[in-house]
Amino acid sequence: MFTYTTLKEELTIEQVVTIHYFELLKDYKFTGERHDFWEFLYVDKGTMIVQTDHHEYALQQGEIIFHKPNEWHNHIANGLVAPNIMVVSFVCHSPSIRFFENRILQVGDTEKDILATILREAGDAFEAPFNDPFSTCLMRKKRQTFGCEQIIRISLESLLLYMIRAHSLPNRSPKLSTSMRENSEKDILNKILSYLQGHIREKISLEDVCRYTMFSRSYIQRLFKVHMNTSIMDYYKHLKIEEAKTMIREGKYNFTQISEQLSYASIHHFSRHFKEITGMTPSEYASSVKVKI
């Protein structure tokens with residue numbers, strides 16, 4: 001007597017919505033969207049800035065991020081490198097899929113092979129192009145390679161199952177490690193500090209800093225506040241006054257010239273700002289013991 005065993009299904013892909021592979025320009029910007037199905041973005045080359053409802057990430061080559069249903073998300077190139085990305089959206093209601101909520105994971109060689117299989121089979125199953133960002137429907141080819149759609153489904157399920165296995169092992173964090181996150185934040189912070197110092201004699205705005213770093217206003221403000229305990233523009237104001245103090249001590253310029261070189265609207269604005277920061281007017285500072293020392 002034989003016993004039939006029904007194999008357990010830990011995770012089932014019910015439908016595929018879109019399959020894309022983009023070779024983007026270095027200044028690519030997406031307007032953002034939300035939808036009621038899952039989506040993942042894999043960075044095949046370069047760096048991609050990913051924004052969600054509550055966070056902003058800089059994904060490096062070989063990393064993948066998952067967007068759960070109804071999560072707002074936006075994708076932006078960093079302005080330096082033209083990235084290649086693969087984006088797949090699908091429907092899955094299996095409880096195991098919740099593993100991927102708010103996840104950024106490193107993709108291994110096995111998973112990369114599976115991603116390549118998905119793209120290859122998609123080319124056999126559906127009409128091109130796969131690089132149209134406005135495409136919202138997969139159009140079946142009249143003559144498909146036998147079994148290609150089923151292989152896509154099996155491959156997607158295998159991809160997710162292998163990733164759950166790989167990132168559920170002891171001592172393997174499925175999210176960005178603390179050290180990786182800290183290093184990334186320090187790089188961004190140093191970039192901001194360098195930009196402020198390099199433009200100390202100009203008049204810049206917070207929007208200028210955002211454009212330079214390719215990060216959102218809310219993200220860089222929060223990061224700067226955490227690490228520097230002040231706002232970006234307050235720090236910039238203090239930098240200007242420290243530069244003004246140096247220029248006063250050097251004695252090469254009068255106060256009007258200093259205010260002009262530091263891009264103040266007027267000498268009165270400069271003087272008011274100087275006293276606000278130092279507690280003294282420029283004249284009082286120039287005659288103080290500190291300057292003589």
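In what order do the five strands of the open sheet stand? I looked this up first, keeping in mind that the model is predicted. The order is E1-E7-E2-E5-E8, with antiparallel pairing. At the edges I found strand E1 (15–23) and strand E8 (104–106), each pairing on one side only. From one strand to the next, the twist averages 20°.

Next I turned to the neighbours E2 and E5. Strand E2 (residues 38–45) and strand E5 (residues 63–67) are joined by four bridges, and Leu 41 stands opposite Ile 65 in E5. Across E1, E2 and strand E7 (84–91) I saw helix H1 (residues 109–125), running at about 100° to E1.

Then came the rings. My search of the whole structure gave ten aromatic pairs. One of them is Tyr 195 with Tyr 212, stacked at 4.5 Å centre to centre with 25° between the planes. Tyr 195 belongs to helix H3 (residues 178–198) and Tyr 212 to helix H4 (residues 206–213), so the pair links distant parts of the chain. Tyr 195 counts as buried because its relative accessibility is 11%, under the 20% cut-off. Tyr 212, at 38%, counts as partly exposed. I also noted Lys 191 over the face of Tyr 212, 5.2 Å from the ring centre.

Another pair, Phe 270 and Phe 274, is edge-to-face: 5.8 Å between centres, 65° between planes. They are four residues apart in helix H8 (residues 267–278), which means about one helical turn separates them.

Last, I checked helix H6 (residues 232–250). Gly 251 follows H6, with a positive phi near 70°.

How values were computed
Residues numbered from 1 in each chain as written. Predicted model: local features only at pLDDT ≥ 70, side-chain atom pairs only at ≥ 80, totals over all residues. Heavy atoms only, no water. Helix = DSSP H or I, 4+ residues; strand = E, 2+ residues; numbered from the N terminus. Pairing = 2+ DSSP bridges. Axes fitted to C-alpha atoms, helices over the stretch in contact; angles between N-to-C directions. Contact = heavy atoms within 4.5 Å. Phe/Tyr/Trp six-rings, centres within 6.5 Å; stacked < 30°, edge-to-face > 60°. Buried < 20%, exposed > 50% of the residue type's maximum accessible area, 1.4 Å probe, protein only. Lys NZ or Arg CZ within 6 Å of the ring centre and 35° of its normal.
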